[in-house]
Amino acid sequence: MNTGSNSPGTVPIDALGVTKCFGDFVALEGLSLEVHSGQCVGLLGPNGAGKSTFIGCLYGAVERTGGRLRVFGLDPARAARSIKQRLGVVPQENALDEELTVLENMRLYARFENVRDPIRRIEELLAHMSLDHKRNAPIRSLSGGMKRRLTFVRALLSDPELLILDEPTTGLDPTVRHLLWEKVLSYRKAGKTVLLTTHYMHEAELLCDKIIILNRGAAVAMGSPKELIERETPGFVGIFEADQKDRVEAHLNSDWHCFNQARQYCVRARQIEHLITLQSTSGVRAIQMRPANLEDVYLKLTGEELGENE
Amino acid sequence: MNDYLISLRLAWCVVVRNWVVYRKDFLANISPTLADPALMMVALGMGLSPFIRSIGGLSYSQYLAPGMVATTVLFTAFFECSYGFYVRMTFQSVFKAMLTTPIGAREVVWGEFAWVSIRAALMAAGVGLVLAIVGLLPNPWSVFLFPLIGGILAIPCGAIGLLAASYVHNINQFQTVYSFVIAPIYFISGVFFPLGNRPILASIVQISPFFHGVSLLQMAAWNEVSPERIFYHLGALIAFAVSLGIWALVRIRKKLVT
Ligand SMILES: Nc1ncnc2c1ncn2[C@@H]1O[C@H](COP(=O)(O)OP(=O)(O)O)[C@@H](O)[C@H]1O
Ligand SMILES: [Mg+2]
């Protein structure tokens, strides 16, 4: 697992009780987490949970108000520049210069990052992200997916050890999303470390070996996707038509969980056989039966009520 | 490499970024800052000159000339650092991405100052050259001093712009800043009329960095060499540049780093 350029066992991100207040508002409340080198760690949580705020703390764009934070062993409050030389960020907003062309944009950033042999590096990454045919196109003429891929190019210019992705695939079509997933996986294979935030549970399950679920600025759960499912929502979920609720409910066991989701009635049981039995005793066929997944964990832990910003 | 040398290199990157964007629309960007002083020369210089007696041996056009250099410096620096910076910061989110690179808030502000200072120096040289050619500079050699004075004067003017960008809540409020800060320091500065025989105005304008810049430009253009006055106005201008510059840096850092 931990192979590659980072010496195994080092901890690129080490946070202990990190707090951030905006006036009276507490955006991060004693967040503690570790990202080990070679890991891909996912930060999940509702809008306003504090994911982007934490990411900002890592490279000095946000000044934490409390707690201990080390990135590559350095304190971002003091050594932001040294830290930034070693990481790449895909921010939540693309923030590309719309008037400039693809190449002009990337050459500026290569200059900011002091990249050696910038033209070669840019061409290599543009080809890697299938954007080489757009090198002379103005940014404003690119599609959303192309812009997002270009921010990946920008983040990778300096060949960083740590890649930070803030909602990298939000609003993109499935083709682009799959392409980006594949890039993240190959980047990990090269031994790099990744911290990403996402609202797509499938994405988190696919890419991350550790997940941290944030709610209102605090971590409410941490572990591998498997561990989290096993700990929080083990078993299988049967999904029924909402109007069959009463018929199904009459036959439930006390250790099964039932909940409403998207106008459907769901039952989670330890074994799939339990659900099959439930079908026959209630006489109602489930629309679908599936293993519990990260989305079940997420919804259980963050509550089904809407987040701060909704 | 020394920490400050790296900062200088990164601040230069900000200058390059602004230049690359600026040259995309070069004519549209450069024409207003040249049109203003040109129109003013025509309307006030040529238009009013015949009705105005000479001022200390100068025709009104000659009196106005160094003020036009100051005008282009003030407007170049103020508008770039107020509207221009505000648009970069809020609508284009330029700094959200820039701050993920080794560039920090300090380099952004240094870069903006360097950018307006260089631009103002070039504009001052350009306007000065035209004035010299049409014979409105009693001391034509002063065109070589204009870029130097203009480059320094651009710093406090740009700092006022950055401060405005850090205080406004929306882009319309720059109009208020213009009306209550820029217009007064512009119209009451010695550009349009001498302040010498109006003691109250003459003492109030001492707190305006623009006035000291105008005074230096006039001394150069009219060949009025007086070491004490040079020392006083240059000292005041540099003091304003440093203090307003530091204030702007503190304010903008608070805006960029939350
Ligand atoms: N500069 C700021 N001033 C005040 N509140 C802020 C600021 N930045 C973020 N917040 C608040 O902090 C909370 C967390 O924001 P953020 O980290 O962006 O959430 P997420 O990325 O998880 O959606 C939100 O409620 C947001 O409104
Ligand atoms: Mg966010």
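**Exercise 1.** In which kind of crossing, left-handed or right-handed, does H9(B) pass H10(B)?

*Solution.* The structure is a predicted model, in which local features need pLDDT of at least 70 and side-chain atom pairs count only at pLDDT 80 or more, while totals for chains, interfaces and linings use all residues. Residues are numbered from 1 along each chain as its sequence is written, chains are lettered from A and ligands numbered from 1 in the order in which they are written, and side-chain values use heavy atoms, with hydrogens and water left out.

Step 1: H9(B) and H10(B) pack at an angle of about 145°, their axes lying 9 Å apart (axes are lines fitted to C-alpha atoms, for helices over the stretch in contact, and angles run from 0 to 180 degrees between N-to-C directions).

Step 2: H9(B) passes H10(B) in a left-handed crossing, a term for a near helix turned anticlockwise from the far one by less than a right angle, clockwise being right-handed.

Step 3: On the H9(B) side the contact includes Phe211(B), Leu216(B) and Met219(B), and on the H10(B) side it includes Tyr232(B), Leu237(B) and Phe240(B), where contact means heavy atoms within 4.5 Å. The residues of this contact divide into 11 nonpolar, four polar and one charged.

**Exercise 2.** Describe the extent and burial of H9(B), and what follows this helix.

*Solution.* Step 1: Helix H9 of chain B, residues 209–222, has 14 residues and reaches 20 Å from its first C-alpha to its last, close to the 20 Å expected at 1.5 Å a residue.

Step 2: H9(B) is mostly covered, with 14 of its 14 residues buried (under 20% relative accessible area, with a 1.4 Å probe and protein chains only).

Step 3: Just after H9(B), Asn223(B) takes a positive phi of about 60°.

**Exercise 3.** Characterise the packing of H6(B) and H10(B).

*Solution.* Step 1: Helix H6 (residues 146–167) and helix H10 (residues 227–256), both of chain B, pack at an angle of about 30° with their axes 8 Å apart. That makes H6(B) roughly parallel to H10(B), a description used for angles under 35 degrees.

Step 2: The crossing of H6(B) and H10(B) is left-handed.

Step 3: Among the residues that meet are Ile152(B), Pro156(B) and Leu163(B) in H6(B), and Ile238(B), Trp247(B) and Arg251(B) in H10(B). The residues of the contact of H6(B) with H10(B) divide into 19 nonpolar, two polar and two charged.

Methods. Helices (H or I, at least four residues) and strands (E, at least two) are DSSP runs, numbered from the N terminus. The expected span of a helix is 1.5 Å times one less than its number of residues. Buried means under 20% relative accessible area, exposed over 50%, partly exposed in between (1.4 Å probe, protein chains only). Angles under 35 degrees count as roughly parallel, over 145 as roughly antiparallel, 65 to 115 as roughly perpendicular and the rest as oblique. Ala, Val, Leu, Ile, Met, Phe, Trp, Tyr, Cys and Pro count as nonpolar, Asp, Glu, Lys and Arg as charged, and the others, Gly among them, as polar.
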